[in-house]
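Subject: Structure handover

Hello,

Please find the structure below.

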Amino acid sequence: MTARTIVITGASDGIGASAARTLSNQGERVIVVGRSAEKTERIAREIGADFFVSDFAELAQVRQLAAQLKEKCPRIDVLANNAGGIMGQRQLTVDGHEKTFQINHLAPFLLTTELLDVLTASNATVINTSSAANSLYGKLDLNDLEVANKYSANLAYGNAKLENILFTAELNNRYHAAGISTAAFHPGVVATNFAADTTSPFRFMYRSFLNRFMLSPEQGADTLVWLATATPGQDWISGAYYAKRALAKANKLAYDPETARELWERSAAMVGADLDELDHRQ
């Protein structure tokens, strides 16, 4: 049986690296994507995978990554948008966007839409790593996606993780008929380097004694691996949000189709994407 091609972003550490190892051991062709050249190459060498380096804080690098993937991979069976994180103090990227919003939502939105022709031709699965923070902290205001008013690290992160779920639902709505299946998931609270290079208060929790009570990266990657290897439409429902391999309850806004549609339109405008020709809305 021919190995499938699985692209995992944020795969230089944590659950992304763990998923890359597991899927590679299962015989899949894994493409490792990460921000740190050294760490990304280390994981790629360990599992014998191809790799690309891309910093999602710069949209030009995301476009370059999409072009590189198209050249390297005529077929992509699974795209796991796993890169993300919490940033602490409000910062703007070189593109002028709030950093949490861009890295967690806008960059994976751009990468996915840049790859739509390959993904639809491959009948691909797109998996988006979200978080229970979507319910705990998400209070999405479509007129303030950059969280310029009353900013907090938790609010920005919660909104971004809610946006991951809304993007999952709208991608399914527009492109499931064309062959794409989608899912978002919560990995759990995982003992990783999450928030380590930020000013977020979360970094202290991840370095404290509480770390011993967190899930291992392997445990956190379990649902990602399951979504990547199980059969959509049979084992899981396209467009839905999961935790521990089961349907999970998200923020009530996650189920509002108008919010999902509007977020898509505004995101497309921000990245300069013209998706009308590819729109296969059901």
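With which residue does R266 form a salt bridge? The partner is E262, and the closest N and O atoms are 2.7 Å apart. A salt bridge here is a side-chain nitrogen of Lys or Arg within 4 Å of a carboxyl oxygen of Asp or Glu.

This is a predicted model, in which local features need pLDDT of at least 70 and side-chain atom pairs count only at pLDDT 80 or more, while totals for chains, interfaces and linings use all residues. Residues are numbered from 1 along each chain as its sequence is written, and side-chain values use heavy atoms, with hydrogens and water left out.

R266 and E262 both sit in helix α11, four residues apart, about one turn of the helix. Helices (H or I, at least four residues) and strands (E, at least two) are DSSP runs, numbered from the N terminus. Shared partners join E258, R261, E262 and R266 into one salt-bridge network.

The count comes to 15 salt bridges. One of them pairs R29 with D50, closest N and O atoms 3.5 Å apart. R29 lies in strand β2 (residues 29-34) and D50 in strand β3 (residues 50-53), 21 residues apart. Another salt bridge joins R75 to D77, at 2.7 Å between the closest N and O atoms. D77 is buried at 10% relative accessibility, whereas R75 is partly exposed at 42% (buried: under 20% relative accessible area; exposed: over 50%; partly exposed: in between; 1.4 Å probe, protein chains only).

Regards
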